[in-house]
Structures are given as C-alpha cells and as structure tokens.
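Please keep the sequence and the model in view while reading the numbered points.

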Amino acid sequence: MVVTDAGEARGYRPSATMPFVAEFRRQASRRRTQLALGFMVLLPLIILIAFQFDSGGDDDNGRNEFASLVELATTGGLNFTLFSIFVSASFLLVVVVALFCGDTVASEASWGSLRYLLAIPVPRARLLTVKLVVALAYSALALLLLAGTALLAGTLRYGWSPLRSTVAAELEPTEGLLRLLAVLGYLAVVLLVVAGLAFLLSVITDAALGAVGGAVLLWILSSILDQITALGALRDFLPTHFSTAWLGLLSTPVQTDDVVRGCISAISYATLFWGLAFWRFTRKDITS
C-alpha cells in the first residue's frame with residue numbers, strides 16, 4: 001500500500017466510500033424494508049376490501065363518528081386517497097418513519113458491523129449522512145406508495161371524481177390532486193421530526209427496537225400533552241402541535257398560517273436532532 005505525505009493511502013477518497021446506491025440496495029434487501037413497503041401497498045387494498053363488506057348499519061358503538069368520512073371515501077379515487085392518508089397519518093406513518101430512521105445505525109451496532117464500516121475506513125460524518133439520506137428516501141417512498149396505491153385502487157373502484165371533504169367545497173379532480181400533493185408534502189415535512197428523533201436515538205443506543213419505540217412513544221407523549229389546554233401557549237412549542245395543520249390545505253380558501261408554522265417547527269426540531277446525532281456520533285467510542 002502506497003501512503004502519501006499526508007498519511008493517507010494513495011487513491012483513497014473519503015467521498016468514494018459507502019456510496020449511496022450501494023447502501024440503498026443493501027437496505028432494500030432487508031426484510032423490514034420489504035415488509036414496511038409491502039404494507040404501505042397492502043393497507044389501501046385492505047381498506048378497499050373492508051368497504052365492500054360494510055353492511056351500512058350503524059349498530060356498532062362509535063361508528064357514526066366516521067360514517068361521514070367513509071361515505072366520502074367511496075365517492076371517488078381522490079376521496080379514497082384522502083381517507084387512507086387520514087387514517088394513517090397520526091400513527092402508522094410515524095411508526096414507519098421511525099422504523100427506517102431509528103433502525104439504520106443501531107442495527108449496525110447490534111450486529112457488530114459498525115466498527116468494521118468505520119475501519120474501511122468510512123468517515124463518520126459520511127456514514128451518518130448516507131444512512132440518513134437512505135432512511136429519508138425510504139420514508140418518502142413509503143408515503144408515496146401509500147398514496148399512489150390508494151389513488152390507483154380508489155380510482156379503479158370508485159372512479160375519477162371531484163375531491164370532497166368536510167372542511168371545503170367540492171374541488172375539481174385536477175385541483176383536488178394538487179391539494180393532495182400539497183398534503184403529502186406537508187406530512188413529509190412534519191414527519192422529519194420523527195425522522196430526526198429516531199435517528200438521534202439510533203446513534204445513542206445500540207438497540208434498534210429502543211430507538212424506534214422511543215421515537216414513537218415520545219411522539220405519542222407530545223400528542224397527549226398537546227391535548228391539555230391548561231398548558232396554554234406552551235403547546236405551540238410541541239412538535240406535534242401543528243401535525244394536523246394539513247387539513248387547512250383542503251379548506252376553501254386554503255389556510256396556510258398553521259402550515260407555515262408547522263413547517264418551521266418541524267424543520268427546526270429535525271435540524272436540532274440531526275445536529276445532536278452528528279455531534280454525538282463523531283465523539284462516540286465505537287465498540288460494536
């Protein structure tokens with residue numbers, strides 16, 4: 001091996017280690033990735049099948065609370081997509097994003113392969129960057145698969161009809177599609193908080209389940225605190241306070257004030273968590 005005056009092996013380029021495509025393919029071969037993405041495709045189909053067995057009765061306790069939403073969901077592909085997003089946004093998507101971002105580093109540590117990656121050597125900052133970008137890419141892919149499958153299945157079953165909701169007038173299909181894309185964009189931004197928190201916990205702990213579960217539990221805790229009106233203005237600083245602001249994108253006219261605040265809050269929290277993750281990992285003693 002030829003060593004340069006700087007002490008590096010000749011031909012060694014830190015930017016060439018651990019390429020994004022290789023990591024993306026590696027994560028694609030993992031069973032948890034396949035199951036998570038597969039479930040994103042399967043969920044709209046399960047909902048669609050469940051609607052076919054709906055007897056239309058209202059004997060079940062609590063059913064009337066969602067009866068109007070179910071009726072809207074069966075009036076067109078756009079409405080079915082909106083319903084699928086509505087029932088998934090508060091928990092399922094949180095779990096999926098936490099899974100991709102919380103498992104990425106902690107799993108390497110639990111397998112004992114993290115120190116070997118750094119011994120290649122892969123710079124720590126580059127390893128974290130590639131891991132994070134791949135995790136975010138799969139999180140975005142999961143969101144798109146859910147919405148895309150719901151739109152395709154719903155359109156084939158219920159047709160291409162105007163978008164209707166309980167907070168807005170009827171929207172033409174083209175405008176309704178644009179509104180749904182805006183909703184997906186906002187949800188992607190809000191979920192960056194989950195991604196940042198799960199990624200930070202993934203760096204701190206060697207237990208992937210702890211990182212994933214910790215991020216989900218803290219998100220749930222924030223949601224519970226947000227319901228306590230006695231906290232007053234303090235609730236505005238909770239990461240979940242603006243998590244449902246995407247409903248304003250469906251209103252007529254569009255309400256963007258909370259959407260802007262939600263984006264600022266989410267990006268701020270995500271940047272803080274990612275910054276702490278990089279700071280911790282670059283100083284951490286890697287023994288596993």
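**Notes on the predicted model**

1. Isoleucine 204 has a relative accessibility of 44% and is therefore classed as partly exposed. This residue belongs to helix H10, which covers residues 192–204. Isoleucine 204 and alanine 106 are 98 residues apart along the chain, and their C-alpha atoms are separated by 8.1 Å.

2. The overall architecture may be considered next. The secondary structure of the protein consists of 12 helices and 2 strands. Followed along the sequence, the order of these elements is α-α-α-α-α-α-α-α-β-β-α-α-α-α. Among contacts between residues at least 6 apart in sequence, 77% join residues that are at least 24 apart.

3. Of the 288 residues in the protein, 45% are buried. The protein exposes about 14600 Å², and 65% of this area is supplied by carbon and sulfur atoms.

4. Which residues have the most contacts inside the largest nonpolar core? They are Phe51, Phe100, Tyr186 and Trp246, and the core itself has 76 residues. Helix H8, spanning residues 124–158, gives the most to this core, with 14 residues. In general, nonpolar side chains in soluble globular proteins tend to be buried together.

5. Phenylalanine 51 deserves a separate remark. When its neighbours within four places in sequence are left aside, phenylalanine 51 is in contact with Val70, Ala73, Thr74, Phe80, Phe83 and Tyr158.

6. The search of the whole structure for salt bridges finds 7. One of them joins glutamate 23 to arginine 26, with the closest N and O atoms 3.5 Å apart. The two residues are separated by about one helical turn, because they stand 3 residues apart in helix H1, residues 20–28. Is glutamate 23 buried or exposed? Glutamate 23 is buried, at 3% relative accessible area, whereas arginine 26 is partly exposed, at 33%. Glu23 and Arg26 also belong, with Lys131, to a network of salt bridges.

7. Another salt bridge links aspartate 258 and arginine 261, with an N to O distance of 3.0 Å. Since the two residues are 3 residues apart in helix H12 (residues 257–283), about one helical turn separates them. Aspartate 258 is partly exposed, with a relative accessible area of 39%. Arginine 261 is likewise partly exposed, and its relative accessible area is 44%.

8. A further salt bridge is made by the side chains of arginine 30 and aspartate 103, at 2.6 Å from N to O. This pair links distant parts of the chain: arginine 30 is in the loop between H1 and helix H2 (31–52), while aspartate 103 is in helix H5 (residues 92–103), 73 residues apart. Both arginine 30 and aspartate 103 are buried.

9. Where is arginine 179 placed? Arginine 179 is in helix H9, which comprises residues 173–190. With a relative accessible area of 12%, arginine 179 is buried, because buried means under 20%. Apart from neighbours within four places in sequence, the contacts of arginine 179 are Leu163, Leu171, Leu249, Leu250, Ser251 and Val254.

10. Finally, the cysteines may be examined. How many disulfides does the structure hold? The number is 0. Cysteine 101 counts as buried, at 0% relative accessibility, whereas cysteine 263 is partly exposed, with a relative accessible area of 21%.

Definitions and conventions:
Residues numbered from 1 in each chain as written. Predicted model: local features only at pLDDT ≥ 70, side-chain atom pairs only at ≥ 80, totals over all residues. Heavy atoms only, no water. Disulfide = S-S within 2.5 Å. Buried < 20%, exposed > 50% of the residue type's maximum accessible area, 1.4 Å probe, protein only. Helix = DSSP H or I, 4+ residues; strand = E, 2+ residues; numbered from the N terminus. Contact = heavy atoms within 4.5 Å. Areas by Shrake-Rupley, 256 points an atom, 1.4 Å probe, with all protein chains shown as cover. Salt bridge = Lys/Arg side-chain N within 4 Å of Asp/Glu carboxyl O. Core = buried A, V, L, I, M, F, W, Y, C linked by side-chain atoms within 4.5 Å.
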